[in-house]
Amino acid sequence: LRTILSFSIGQHINRHSGLQQSVILRGVHALTTIAYRSMYEVIPQLLQILAAVIVLCAMDIIIGVIIVFSIILFVMISIRITNKLRDPLKKLKELETDTEKLHAEILRNVELIITNAQEDQMIGSYNDARNTLRDFQKNIWVKHTKLSALRHCIIVFATFVVTIIGAYFAV
């Protein structure tokens, strides 16, 4: 941003209009992406999990019940994580949008900013917005990491229990 604001007014007036503006298109192919991921990523994994649970239940019902219970617990914690982070993620999206708006506004009005000698003020306000966004992102990351650690513990515990039971039956 400081580099762009350091150009002269003449350089900005003579610029090519398409070179300076960058437009991020969000959600243009959202439905296609959801359909693709569902078809080629989610459904095959769910089928693999179902097949593995059926095989484990056929081998030993105790191991199968432990795995099913662990899956249910895992899904419940995942839903809780989603519910706990839904509102902060919405706020994060709003902060990102506000920061991008400020950045675009600065770029659109760069000649006016340079003419009025407001470069340092605009850079400062943009940096403040970015710092606020970064701090909020860190807070969400910490919350997500803590909640995900609990979910990971369930996986480790289920693996440990199934290994112990398997070892018991192998002996």
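Which side chain of opposite charge is nearest to glutamate 96, a residue that is buried yet has no salt bridge? In this predicted model, that side chain belongs to lysine 93, which is 4.1 Å away from glutamate 96. Glutamate 96 has its place in helix α5, which covers residues 61-108, and, if its neighbours within four places in sequence are left aside, it is in contact with Leu133 and Gln137.

The core has seven residues in all, namely Val53, Ile63, Ile66, Ile67, Val161, Val162 and Ile165. One of them, isoleucine 165, is in contact with Asp60, Ile62, Ile63 and Ile66, again leaving aside its neighbours within four places in sequence.

The structure holds one aromatic pair, formed by tyrosine 36 and tyrosine 40, whose rings are tilted, with 5.0 Å centre to centre and 45 degrees between the planes. Because tyrosine 36 and tyrosine 40 are four residues apart in helix α4 (residues 30-59), they are separated by about one helical turn. The table gives the accessibility of each partner.

| Residue | Relative accessible area | State |
|---|---|---|
| Tyrosine 36 | 47% | partly exposed |
| Tyrosine 40 | 57% | exposed |

Note on methods
Residues are numbered from 1 along each chain as its sequence is written. This is a predicted model: local features need pLDDT of at least 70, side-chain atom pairs count only at pLDDT 80 or more; totals for chains, interfaces and linings use all residues. Side-chain values use heavy atoms; hydrogens and water are left out. Rings of Phe, Tyr and Trp (its six-membered ring) pair if their centres lie within 6.5 Å; planes under 30 degrees apart count as stacked, over 60 as edge-to-face and the rest as tilted. Helices (H or I, at least four residues) and strands (E, at least two) are DSSP runs, numbered from the N terminus. Buried means under 20% relative accessible area, exposed over 50%, partly exposed in between (1.4 Å probe, protein chains only). Lys and Arg count as positive and Asp and Glu as negative; His and the chain ends are not counted. A salt bridge is a side-chain nitrogen of Lys or Arg within 4 Å of a carboxyl oxygen of Asp or Glu. Contact means heavy atoms within 4.5 Å. A nonpolar core is a set of buried Ala, Val, Leu, Ile, Met, Phe, Trp, Tyr and Cys residues joined through side-chain atoms within 4.5 Å.
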